[in-house]
Amino acid sequence: MANKSIIDINNLTRNFQVGDETVHALRGVSFSIQEGEFVTIMGTSGSGKSTLLNILGCLDTPTGGNYLLDGESVGNMSKDQRAEYRNRKIGFIFQSYNLLSRTTALDNVALPLLYNGFVNKAQRIERAKQALIDVGLSNRMYHFSNQMSGGQQQRVAIARALVNNPVIILADEATGNLDTRTSFEILSLFQDLHQSGKTIIFVTHNPELSQYSSRTILLRDGKIISDTYNSHPLSAAETLAKLPNIDL
Amino acid sequence: MNYWNLFYIALRAILSNKMRTFLTMLGMIIGVSSVITMLAIGQGSKRSIREQISEMGSNMVMIHPNRGRMGGVRMSSADMQVLKAKDFEDLQKECPHISAITPQVSSSGQLINGIKNAPTTVYGVNEDYLNIRRYKVDKGSFFSDEHVKTYAKVAVIGTTVVNNLFDEETDPIGKVIRFNKIPVTIVGVLESKGSNSMGQDQDDIVLMPYTTVQKRILAQTHFQSIVASATNEKDTELAVEEISAVLRRNHQITGDKEDDFDIRSQEELVSTLTSTTDMMTVLLACIAGISLLVGGIGIMNIMFVSVTERTKEIGLRMSIGAKEKHIMLQFLIEAIMISISGGLIGVLFGLLASYLVNFLAGWPVYIQGWSVLLSFAVCTTAGIFFGWYPARKAARLDPIEAIRYE
Ligand SMILES: Nc1ncnc2c1ncn2[C@@H]1O[C@H](COP(=O)(O)OP(=O)(O)O)[C@@H](O)[C@H]1O
Ligand SMILES: [Mg+2]
């Protein structure tokens, strides 16, 4: 396969200074991710998953190492350039959704486009609506985010991550706050997005969930201890169908 | 980035948190309106006192004999034979900054009309007195120069005297009354002036030619005082200097010898009286200043807290692509919109409150443009600065630091 490399990191380190102590959250992490992959980054709590994903999402800067995003070296970028990259190339999904409260789903989803000078108002609304339809919330567009269930809020957050048509979607414990059933619904949504060609990095501490992606990177104490490909990922939709339906 | 989008974003942020917006505005409203009201009350009372004094003639200059002299024996200034007819005539001729001047002699006694009588003081003056004390003749006329020259037994009286001596139906003009047994013909009645600011009834007054009072009542040739009007309020000091020069020459006072006369201008009285109100204005201004400070600190606090509380929101906005300048502009626009509308509402409330104080409590108020501008400017500046500064701090963080902020 002549796949294009979306993410290329080499010997990434990240230290935190806590008082006199230095916490080594990442101790030299290297991998590359090709276009169209669905990667699970797994590890116990405190293994450095979020730290790694924040750096990949240009939300944080590494202490050392190189990071190429879509062919560009992030280390050489200015703050404003990184902001532009976050806006155009990255869709980031947080465990705690991070939506604007007292704001409709549509306005939340349209928000990234407001910071994109190339999108006018009509396009903005059109694309935000389409993203909400894509995540299955066509009937909730004008609901306030704080009046929605956790699963719905996460769908809004996913729609917001999709709206700028990013080269990669980064999800940090996106199902961490949700019940089993809703988790599989969201996971199924990620699989659909993957099917449609999106590149996805999915962070979780739950080993069970790694069976649904095409590649699993295992992290421990800030280092990669395994990186395996999975040629036959399970279907989240099927698992969902087998779950006992307690909604009745 | 389309900058109109930032206006839209800011407006959305303001409207989607009405409580926060309201509380922020409340600080501005209270700060601005209390300062305006306080200063309006202070200025109002100062002005009303000034007005009352200037009703009496603020450019008035009074010349009395100086009581300090006469070899240690203190005498009533009225008994000192210092001010003579020649002094009056010379002052009238030689002082360009005097527009009106009259000698003044007075005598107390009983006014009698038939069975009615009233104790009073008769003032001997000339025609200029009307001008100097701002009286107007209501009925009849003032006595003439001719009356002065001939020691005519005529009088002009105030409305209180009219009420004391005559029935309501009687026209006092042409009637003859008695003052200390001397028959006096009433030629005019003065327009009522009411009480002055010190509570004196300005209508309890009897005016006669000074010559008449001197010759027929007091049998003296000197004056108790001379009263003059400077050409205008600002010329008062010049007039005082001119008067002093003429009198020193006439009285042969040279070098550093003490004057045998004493000149006082109404201006001095005004300044003593206004110094009390000045003190009150200073006091009120201090309170207003403290309100302004407290208002400013209140604005600072609520802005600081609300922006700090919004650090997470700032982090989120940055995580989806907002640049530092976008965040700063958004918060600046928000702060400007809130501060200016809060300030304007504050001005409105301040004007309303001043009006209510005037209407309900009857206190005089006067709103000065600068007090409105000052309080508006201080509060909006505080609001804008403290809305923008913490946002700038937050916008300089890495997005993840801001998002994690609790
Ligand atoms: N801002 C920070 N300051 C100090 N230490 C941090 C910070 N963020 C993460 N860490 C530390 O780095 C390590 C990895 O954290 P994290 O990446 O959040 O782990 P995970 O997401 O895998 O649970 C932990 O030991 C954590 O305490
Ligand atoms: Mg984590």
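User: How much area do chain B and chain A bury between them?
Analyst: This is a predicted model. Of the area the two chains bury between them, 54% is on carbon and sulfur atoms. B:L316, B:I320 and B:K323 supply 24% of what chain B buries against chain A, more than any other three residues. The area buried between the two chains comes to about 2500 Å².

User: Which residue of chain B forms a salt bridge with A:K79?
Analyst: There are 3 salt bridges between chain B and chain A. To count, a side-chain nitrogen of Lys or Arg has to sit within 4 Å of a carboxyl oxygen of Asp or Glu. For A:K79, the closest N and O atoms are 3.4 Å apart, and the partner is B:E324.

User: Why is the site of ligand 1 shared between chains?
Analyst: Among the 13 residues around ligand 1, the ones that come nearest are A:G46, A:G48, A:K49, A:S50 and A:T51. Still, the site counts as shared because the residues surrounding ligand 1 come from chains A and B.

User: Which element gives the largest share of the shell around ligand 1?
Analyst: In chain A, β1 (5-18), β2 (21-34) and α1 (49-56) each supply at least two residues of that shell. The largest share is 3 residues, and it comes from α1(A).

Terms used: Residues numbered from 1 in each chain as written. Chains lettered and ligands numbered in written order. Predicted model: local features only at pLDDT ≥ 70, side-chain atom pairs only at ≥ 80, totals over all residues. Heavy atoms only, no water. Buried area = accessible area lost by both parts, 1.4 Å probe. Near = heavy atom within 4 Å. Helix = DSSP H or I, 4+ residues; strand = E, 2+ residues; numbered from the N terminus.
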